Amino acid sequence: MVVGAEARCLVMGVVNVTPDSFSDGGLWFDERVAIRHGLELVGEGADIVDVGGESTRPGAARVPLDEELARVVPVIRTLSAEGVTVSVDTMRAEVAKAAVEAGASLVNDVSGGLADPDMPRVVAATGVDYVVMHWRGHSHDMERRAVYTDVVTEVREELAKRVDLVLAEGVSEKQIVLDPGLGFAKNSEHNWALLAGMGELAELGYPLLIGASRKRFLGRLLADADGTPRPFSHSDDATVAVTALAAHAGAWCVRVHEVRPNADAVRVAAAWKRPGANT
């Protein structure tokens with residue numbers, strides 16, 4: 001793999017260059033602010049900065065191709081020039097290609113190549129790492145697709161099929177990272193089952209990316225006595241707990257909004273696994 005020489009779980013910091021992402025929509029929409037935020041995340045311990053120009057929150061509408069390109073490419077180009085390892089969060093092959101040309105080292109495709117059939121071929125040609133996420137449909141209708149008999153078995157089987165298809169398009173096994181897609185066509189029960197079943201997903205033989213940060217299932221777990229879910233930005237402590245557990249369970253990388261405490265958590269998990277290694 002191009003990314004991932006550390007002997008611990010990596011930390012991917014999020015830069016949403018969008019006005020409508022679920023937890024921080026608009027905060028980093030300005031190009032200069034997004035670049036500054038990306039550099040700050042690296043300073044806080046991010047190994048990778050994930051730059052996205054299209055919200056994938058439930059119910060979100062897609063943005064035009066030209067708009068997505070205008071949002072992400074200048075940010076990626078500047079961060080890469082500063083020596084930052086950058087991933088692009090996109091479902092479009094044209095955006096992925098432009099992002100890699102601008103310096104991105106990883107394509108994070110939440111659709112696993114289903115939204116744009118050209119994506120696997122483009123990724124294969126670039127040779128960069130490729131996150132293949134479990135996905136059953138676009139944001140506007142993914143919630144109705146959250147129907148499973150055994151979510152861990154079904155997600156594993158569907159990911160295995162996606163891997164076979166992207167390999168057939170020329171993607172190398174060494175490029176592939178898998179993501180169970182927490183929150184994407186999953187309810188809270190499904191998300192917890194997938195976290196507990198990480199070992200079964202890892203049996204597919206590929207590194208795992210876990211993206212639990214600020215997602216609704218954490219807010220619902222921490223709901224007030226009257227049932228009001230915890231606000232997205234107030235579930236960062238729970239995210240850190242998931243990070244530590246996922247890192248200890250063997251995750252390759254965690255995708256998070258608040259980097260510093262999660263960077264601490266992966267180091268704690270690494271020390272827990274190797275007593276004395278970091279002293």
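This is a predicted model: local features need pLDDT of at least 70, side-chain atom pairs count only at pLDDT 80 or more; totals for chains, interfaces and linings use all residues.
1. **Helix α4 and its buried side.** Start with helix α4, which spans residues 119-126. Four of its residues, M119, P120, V122 and V123, are buried. Look down the axis of α4: the buried residues fall within an arc of 160°, so they line one face of the helix.

2. **After the helix.** G127 follows α4. Its phi is positive, near 80°.

3. **Salt bridges overall.** How many salt bridges does a search of the whole structure find? The count is 15. Three of them are taken up below, including the one between D30 and R32.

4. **D30 and R32.** The side chains of this pair meet at 3.7 Å, N to O. That is a salt bridge because the cut-off is 4 Å. Are the two partners buried or exposed? D30 has 34% relative accessibility, so it counts as partly exposed. R32 reaches 64%, so it counts as exposed.

5. **D89 and R255.** Here the N to O distance is 3.2 Å, and the side chains again form a salt bridge. The pair links distant parts of the chain. D89 lies in strand β3 (residues 86-89), while R255 lies in strand β8 (residues 253-256). They are 166 residues apart. Why do both count as buried? The limit for buried is under 20% relative accessible area. D89 has 8%, so it is buried. R255 has 18%, so it is buried too.

6. **D236 and R214.** These side chains meet in a salt bridge at 2.9 Å, N to O. Where do the partners sit? D236 is in helix α9 (residues 236-248). R214 is in the loop between β7 (209-210) and α8 (216-221). The two are 22 residues apart, and the pair links distant parts of the chain. Both D236 and R214 are buried.

Methods: Residues are numbered from 1 along each chain as its sequence is written. Side-chain values use heavy atoms; hydrogens and water are left out. Buried means under 20% relative accessible area, exposed over 50%, partly exposed in between (1.4 Å probe, protein chains only). The arc is that of the directions from the helix axis to the C-beta atoms.
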